[in-house]
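Morning, everyone. Please have a look at it on the screen.

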Amino acid sequence: TIIRPALIPVTLEIFVVARPDKFGCPAPSATAIKTALLENIALLNGQDISWFLVRSIIEAQFPTVEVTAIAGERDGITYPLNTAINIGFVEIATLAFEDVTVTLT
């Protein structure tokens, strides 16, 4: 049997601290961080969107960026800071560029 997972749009807000590197190069912009996340995330059916998942992708791309918190929403349900956004086994999360916000703190 083939299962076609339901697409679940997720809104995600990511809070980061971005610092210049030791050579004085500026920190990446919020747009660069968001683009890197969306290009490198590979969501599977039933995979929750967690702080660890987001953090591991962003911090692997930018060593001078620290993800301090995430907040998300799906189906009108708002999740508290750093709480994984639950995705059921027969669901798959989708992240659109306009639904992801990166806030530099």
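Let me begin with strand E1, residues 6-18, which pairs in the parallel sense with strand E4, residues 91-94, over 4 bridges. Strands here are DSSP runs of E with at least two residues, helices are runs of H or I with at least four residues, and both are numbered from the N terminus. Two strands count as paired if DSSP finds at least two bridges between them.

Before I go on, a word on the source. This is a predicted model, in which local features need pLDDT of at least 70 and side-chain atom pairs count only at pLDDT 80 or more, while totals for chains, interfaces and linings use all residues. Residues are numbered from 1 along each chain as its sequence is written, and side-chain values use heavy atoms, with hydrogens and water left out.

Back to E1. Strand E2, residues 65-74, runs antiparallel to E1 and is joined to it by 9 bridges; there, Thr11 stands opposite Glu73. Strand E5, residues 100-104, runs parallel to E1, with 5 bridges, and Val16 faces Leu104 in that pairing.

As for the whole chain, the protein has 2 helices and 5 strands, in the order β-α-α-β-β-β-β from the N terminus. Its C-alpha trace spans about 55 × 25 × 20 Å along the principal axes. Of the 105 residues, 34% are buried, meaning under 20% relative accessible area with a 1.4 Å probe, protein chains only.

Which residues have the most contacts inside the largest nonpolar core? They are Leu12, Ile14, Leu37, Ile49 and Ile58, in a core of 26 residues. The elements giving two or more residues to this core are E1, helix H1 (30-40), helix H2 (51-61), E2 and E5. E1 gives the most, with 5 residues. By nonpolar core I mean a set of buried Ala, Val, Leu, Ile, Met, Phe, Trp, Tyr and Cys residues joined through side-chain atoms within 4.5 Å. In soluble globular proteins, nonpolar side chains tend to be buried together.

Take Leu12 as an example. Leaving aside neighbours within four places in sequence, its contacts (heavy atoms within 4.5 Å) include Leu37, Ile49, Val54, Ile70, Ile85, Leu95 and Val100. Across the protein, residues 24 or more positions apart account for 72% of the contacts with a separation of 6 or more.

That is what I have; questions are welcome.

Terms used: Buried < 20%, exposed > 50% of the residue type's maximum accessible area, 1.4 Å probe, protein only.
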